[in-house]
Amino acid sequence: MTADHCGGAGGVSTLETGLTRFAVVGSPNSGKTTLFNALTGLHAKTGNYPGVTVARYEGTTRLGEHETVVVEDLPGTYSLDPISPDEQIVVDVLDTDHHNERVDVPDAMLVTLNATTLRRSLGLLAQLQQTGLPTCVVLTFTDDLARRNGKLDIPSFTRALGVPVVTVVAGHRDGLADLRHVMSRLDSWTQPVVSPPTDPAEVTGWVDSVLDASGYQLPEIDKRTHRIDSVVLHPVIGTVIFLLTMFAFFQTIFTVAAPLQGYVESFFGWLGGLVADHVHIGWLSAFLSQAVIGGVGSVLVFVPQIALLFVLIALLEGTGYLARAAFLMDRVMARAGLEGRAFVALLSSFACAIPGIMATRSLPSAKDRLATMMGAPLMTCSARLPVYILLVSLLLPGDAKVGWFNARGVVMFALYLFGALSAMLTAALFKKITARGGPMLPFYMEMPPYQVPRWRNVISEVWTATSAFLRKVTSIILATTVVLWVLLNLPMRSESEMTAAGVDTGNAAAVSAYVIDHSYAASVGKAVQPVFEPLGFDWRINIGILSSLAAREVFVATLGQVAAAEDPEQPAQALRQMTVQDGPHAGRTLFDAPTIAALLVFFMYALQCMSTVAVLRRESGSWKWPAVAFTYMFVLAWVLAFVARTVVAALV
Amino acid sequence: MRSRVLATGHEPASGGLTLADIQRGQRARVIGYDENVEPSAARRLFDLGLFPGVEVTMVRRAPLRDPVIFRVGDYEIALRGVQSRSIHVEVVS
């Protein structure tokens, strides 16, 4: 396993060629992903199928001393008559006539069948057998079948199907060893003498005959699940439990991750300081400590949030509660054209759009995933908070009131509310656009029995998500940080030049302010002035907006630096008293109410976050969607900021 | 993949009972789909085990009335009103 796992520009990762490929196929809740995780462990990689928002999971597993094979986890499906892009992928991958040449056809299929839902699952098996690919049935949940007093005679079941059948309960070692043994002897796999029928009229008859022949006894209703459901789905108690769960979920991502992120930040701050102390070439020292180490730090700072989010999602999904939460929220989310599961992704986006967008993986429909991704960046993330606090404190005095309430608090609440409403509306709009023309897709959601989550599964999923984030996103975020650093710090200024300009070279704040004011970024800020002029922004605000592409909160620091250029002793005061330097409005207070309103609205809507762009690229599988998101959000931000400015100017 | 013909069962009388009408704990037998159901959607309902002749039990409604959980054969599934209204049933006593 030494080959490079990352594919070309399309994000198509294909593992070593020449190895035997097994595809794991099955319906949702058939134990498909558990089997995949158990087989591949930490050797799983995610990517995207070419050109679609469908995540691709692939990994390697060893069958014996010498043989390594590739295992691919196909999206869960109930049928080979696709009604979604995810299901289309399953059909394309299994198409032995090879109509879609961009995907690899596997050499054999491992079909997971849940022993407690055989009547439905065998219909899928019948369809899968039509592909002509060698098939091995992996029977799962036989422990559940026994617990609920169901019966199945496996030798007769194997005879009736005519293909190898292996029982693997929850990725257990013994079952896996049997499966690996069967997989290593692909040549000896039996095929049914007569393929099962696919005509609906005949399928039910075939399923009945197979189940009769194998002495199948339907499992009883799962009493444990029913007892839990009568509480968890109770109109009152269930709603309270749901709200508490979501509150705990949000708190964990927002609060528990924060100190961990603090440690990551201070570690990289310390590391940067160390480099600055030991490298004595001025520009190199600044470049290494700020651009490179700072850039790596700004990638790793997301890791605690992402890891925690995936622990929580794996637990919610593993227990079966995610389906219940989605059931409770479905009516609300249906108003935005989405389904209940999108709620978790949108909620996570309040902490940060990065985990929010990654959480869309739990949505089974690619169209819902895309719509949710397009809306998620509008949720008020924690990086907007310092920007809002600075601007709102410039806008309103601390004791201002709206009725009974503190005016600053009211404005903050309004910003959060408008962000959330805009996210829902945008998601609804994108869902309408992507679903246009296609047939009305039926909505259905299986309610799986409750289970104890498997820790192996949790670890695999957290590992896969976090490592994929680091591999695919680091380069983009690092490149952005370096480019922005270069723009903000170059050209270099000599000490004599600064002395000539009257800058106290002993004052670090004054020096960095001078550098930034005469940097390439300042030239860019001035060059884009015509675009932002109608919003009341001048070139100094434009530098701040440019620098905030690295992360929104950088805006606050940059404005602080710019203000320090005016009065290094009292930057806050300098910010308030700054005036427009040139143009028709020269002399006007720069941060007057209309401009602050425009800035607030601009930050509410603009996609000022290259990390989000990078994650959108990774999760959607192409540059198209991040480009669409950046453009629509910029246009929306500009237009609404202009409206806000005009309205506030008319009111004041 | 290959398109398949769907067996829709015998055509129900207009104004007949649908899955949306049955009450909690009540059992019903699927007799067919509404004629407005797209073939692809009908095929999916079939693949989900909601084929003519199968017995369905209404388990519970969401607090906001929609969706509704049904037990179909050996498993439970939540359907929105749009879907359950398009499935014609007869009550099993």
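An axis, for a helix, is a line fitted to the C-alpha atoms over the stretch in contact, and angles run from 0 to 180 degrees between N-to-C directions. With that convention, helix α11 (residues 303-319) of chain A and helix α18 (residues 455-489) of chain A pack at an angle of about 145°, their axes lying 9 Å apart. The model described here is a predicted one.

**Helix packing in chain A**

The crossing of α11(A) and α18(A) is right-handed. On the α11(A) side the contact is formed by V303(A), I306(A), A307(A), F310(A), V311(A), A314(A), L315(A) and G318(A), and these meet N457(A), V458(A), E461(A), V462(A), A465(A), T466(A) and F469(A) in α18(A). Sorted by class, the residues of this contact of α11(A) with α18(A) comprise eleven nonpolar, three polar and one charged.

**The seven-stranded sheet of chain A**

Chain A contains an open sheet of seven strands, whose order is β2-β3-β4-β1-β5-β6-β7 and whose pairing is mixed. At its edges stand β2 (44-48) and β7 (165-167) of chain A, each with a single partner strand, so one side of each is left without a neighbour in the sheet. From one strand to the next, the twist averages 25°.

Within this sheet, strand β1 (residues 21-26) of chain A runs parallel to strand β4 (residues 68-73) of chain A, and four bridges join the two; the bridge partner of F22(A) in β4(A) is V71(A). Strand β1(A) also runs parallel to β5(A), to which five bridges join it, and here A23(A) stands opposite M109(A) in β5(A). The pairing continues from β5(A) to β6(A), again in the parallel sense, over six bridges, with T112(A) placed opposite V138(A) in β6(A).

Helix α5 (residues 154-161) of chain A, for its part, lies across β6 (135-140) and β7 of chain A, and runs at about 150° to β7(A).

Chain B has two helices and five strands, and from the N terminus on its elements follow the pattern β-α-β-β-β-α-β. Of its 93 residues, 45% count as buried. Among the contacts in chain B with a separation of 6 or more, 61% are accounted for by residues 24 or more positions apart.

The contact between the two chains takes 32 residues from chain B and 34 residues from chain A. On the side of chain B that touches chain A, the elements that give two or more residues are α1 (39-47) and β4 (75-79) of chain B, and α1(B) gives the most, with seven residues. By class, that side of chain B has 18 nonpolar, four polar and ten charged residues.

Strand β10 (residues 444-446) of chain A pairs with β4(B) in the antiparallel sense over three bridges, and E446(A) stands opposite I77(B) in β4(B). The two strands belong to an open sheet of six strands with antiparallel pairing, ordered β10(A)-β4(B)-β3(B)-β2(B)-β1(B)-β5(B). Its edge strands are β10 of chain A and β5 (87-92) of chain B, each of which pairs on one side only. Direction ignored, neighbouring strands of this sheet are turned by 40° against each other on average. Within chain B, strand β1 (residues 27-33) and strand β2 (residues 55-61) run antiparallel and are joined by three bridges, with R29(B) opposite E55(B) in β2(B).

| Strand pair | Sense | Bridges |
|---|---|---|
| β1(A) and β4(A) | parallel | four bridges |
| β1(A) and β5(A) | parallel | five bridges |
| β5(A) and β6(A) | parallel | six bridges |
| β10(A) and β4(B) | antiparallel | three bridges |
| β1(B) and β2(B) | antiparallel | three bridges |

Methods: Residues are numbered from 1 along each chain as its sequence is written. Chains are lettered from A and ligands numbered from 1 in the order in which they are written. This is a predicted model: local features need pLDDT of at least 70, side-chain atom pairs count only at pLDDT 80 or more; totals for chains, interfaces and linings use all residues. A crossing is left-handed if the near helix is turned anticlockwise from the far one by less than a right angle, and right-handed if clockwise. Two residues are in contact if their C-beta atoms, placed from the backbone, lie within 7 Å. Ala, Val, Leu, Ile, Met, Phe, Trp, Tyr, Cys and Pro count as nonpolar, Asp, Glu, Lys and Arg as charged, and the others, Gly among them, as polar. Two strands pair if DSSP finds at least two bridges between them. A residue is buried if 20 or more other C-beta atoms lie within 10 Å of its own, exposed if 12 or fewer, and partly exposed in between; C-beta atoms are placed from the backbone.
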